[in-house]
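Here's a quick briefing to keep beside the viewer. Have the sequence and the fold open, and follow along topic by topic.

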Amino acid sequence: TVPTAQTESQAGISCLTCEDYLSQYDIELPKMGDGREKDDRTHTCVAEIKGILVLSDLGASDFEMQHVEVLRSATVVATGASPDSISLVPIGYSGISSVSGSSTSTGVPLSGAGGVRRVWDAVGSGFSPSESAPWDGSEEQLDELADVGSDRRQNNVQTEVLMTIKNVDPPIASDVRTLLLSAVRDKKMNAALSSNGLRGTVSVSWKGFTLSPSMDAWKCKAPAVLNDVTSVCCAWSEGSPEKMALMLDSTSRRRRDQRAKWDIEGCKVIGCMKGFHLYEGFCYTCSELNPVLADSRFLPLDAEWVEGGEDCNKWQCVPGFVKSVSGYSCVNLTMLQASCGKHSRCGTC
């Protein structure tokens with residue numbers, strides 16, 4: 001139980017269960033079949049704010065880490081939330097191209113398990129419920145919404161980003177949500193991106209931002225496990241990259257999480273932010289990727305891989321070296337200049 005608010009004139013402290021405490025502030029509790037269950041061992045009774053930011057005029061392949069940092073900072077300024085509590089994750093449909101030879105993984109989301117559902121992708125694409133029959137959440141309408149979102153995405157350049165603010169005190173959750181909506185509608189997010197030289201016009205899906213209990217208080221039902229990145233319960237198969245990532249040390253896992261783009265269900269890595277490349281469910285720089293490929297790529301001594309391209313096939317000599325005449329090695333520039341300065345013209349010079 002948790003203590004309720006009290007005035008100085010109150011003699012005692014009144015206590016509520018976590019369910020009653022959250023309901024008192026209009027925070028919707030998980031329903032039967034949502035894939036979550038109350039964790040009676042936790043002492044946490046906080047809320048999460050979740051919603052989809054839509055960045056129009058910005059293709060998914062152009063979304064980069066700097067967008068995340070700028071949007072996070074703008075959210076901190078607007079709401080007063082701690083930077084560590086704000087998560088921004090690019091999401092979308094699977095089918096994004098990755099490094100040749102990479103394997104796919106399976107991540108089966110549990111229905112309604114924490115907030116990310118196929119409907120999010122459609123509403124993020126500007127679908128209005130007035131365009132269809134009254135919304136009842138049926139599978140038919142979910143499928144219709146997904147189709148609408150897919151069609152519109154093909155005709156519009158935009159990126160959807162799942163925003164989550166975690167560990168929000170229930171009494172102020174509604175106010176924080178209002179501040180967040182105001183920051184989007186007053187174009188403060190747009191101004192922050194523009195002032196940092198980044199493209200993207202920010203709006204929010206028609207569903208807005210929802211209030212839900214923390215995943216610490218309502219845990220995933222076994223055998224599903226929590227995806228900390230998207231706050232979704234996922235039934236990952238043994239051997240899948242996402243399941244294997246649970247075994248990584250915290251630094252490696254955080255690096256993976258910061259670079260990845262997830263599918264609309266929130267359980268499978270389908271791509272990477274700009275500057276990174278997907279292989280076997282993980283996002284790598286070129287320098288990290290090429291050594292782990294099944295067919296290793298040739299890299300001469302005193303050379304490095306060129307980062308930021310569409311593929312990782314190009315290399316360049318490190319500072320102080322230049323490519324040889326053959327183009328397959330790097331030559332020390334100082335030694336080359338000394339040799340050529342002796343007027344002994346040779347093929348190398």
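This is a predicted model: local features need pLDDT of at least 70, side-chain atom pairs count only at pLDDT 80 or more; totals for chains, interfaces and linings use all residues.

The protein has 349 residues, and 44% of them are buried. Its secondary structure comes to 10 helices and 19 strands.

**Overall contacts**

- Take the contacts between residues at least 6 apart in sequence: 66% of them join residues at least 24 apart.

**The H2 and H5 pair**

- Helix H2 covers residues 65-79 and helix H5 covers residues 170-185; the two pack with their axes 9 Å apart, at an angle of about 125°.
- As for handedness, the crossing of H2 past H5 is right-handed.
- On the H2 side, Thr75, Ala78 and Thr79 make the contact, while H5 brings Val176, Leu179, Leu180 and Ala183.
- Sort those contact residues by type and you get five nonpolar, two polar and no charged.

**Nonpolar cores**

- Here's the general background: in soluble globular proteins, nonpolar side chains tend to be buried together.
- The largest nonpolar core in this model has 57 residues, and Leu53, Leu55 and Met189 have the most contacts inside it.
- Which residues does Leu53 touch, leaving aside its neighbours within four places in sequence? Its partners are Leu71, Leu88, Thr159, Glu160, Val161, Met163, Val184, Val202, Ser203 and Phe209.

- Going from Ala222 to Pro223, the peptide bond is cis, with omega near 10°.
- You'll find Pro223 in the loop between strand E9 (218-220) and strand E10 (225-227).
- Asp57 isn't a glycine, yet its phi is positive, at about 65°.
- Asp57 sits in the loop that runs between strand E4 (47-56) and H2, and with a relative accessible area of 47% Asp57 is partly exposed.
- Ser231 is another non-glycine with a positive phi, in this case about 60°.
- Look for Ser231 in the loop between E10 and strand E11 (232-236). Buried or exposed: which is Ser231? Ser231 is buried, with a relative accessible area of 2%.

**Tyr328, out on a loop**

- Tyr328 belongs to the loop between strand E18 (321-323) and strand E19 (330-332).
- Its relative accessible area is 61%, over the 50% cut-off, so Tyr328 is exposed.
- Tyr328 still has partners beyond its neighbours within four places in sequence: Phe298, Pro300 and Trp315 are in contact with it.
- Tyr328 and Phe298 are 30 residues apart along the chain, with 9.3 Å between their C-alpha atoms.

**Ser212, inside a strand**

- Ser212 is part of strand E8, which spans residues 201-213.
- The relative accessible area of Ser212 is 13%, which is under the 20% cut-off, so Ser212 is buried.
- With neighbours within four places in sequence set aside, Ser212 is in contact with Ile27, Glu28, Ala47 and Glu48.

Technical notes:
Residues are numbered from 1 along each chain as its sequence is written. Side-chain values use heavy atoms; hydrogens and water are left out. Axes are lines fitted to C-alpha atoms, for helices over the stretch in contact, and angles run from 0 to 180 degrees between N-to-C directions. Helices (H or I, at least four residues) and strands (E, at least two) are DSSP runs, numbered from the N terminus. A crossing is left-handed if the near helix is turned anticlockwise from the far one by less than a right angle, and right-handed if clockwise. Contact means heavy atoms within 4.5 Å. Ala, Val, Leu, Ile, Met, Phe, Trp, Tyr, Cys and Pro count as nonpolar, Asp, Glu, Lys and Arg as charged, and the others, Gly among them, as polar. A nonpolar core is a set of buried Ala, Val, Leu, Ile, Met, Phe, Trp, Tyr and Cys residues joined through side-chain atoms within 4.5 Å. Buried means under 20% relative accessible area, exposed over 50%, partly exposed in between (1.4 Å probe, protein chains only).
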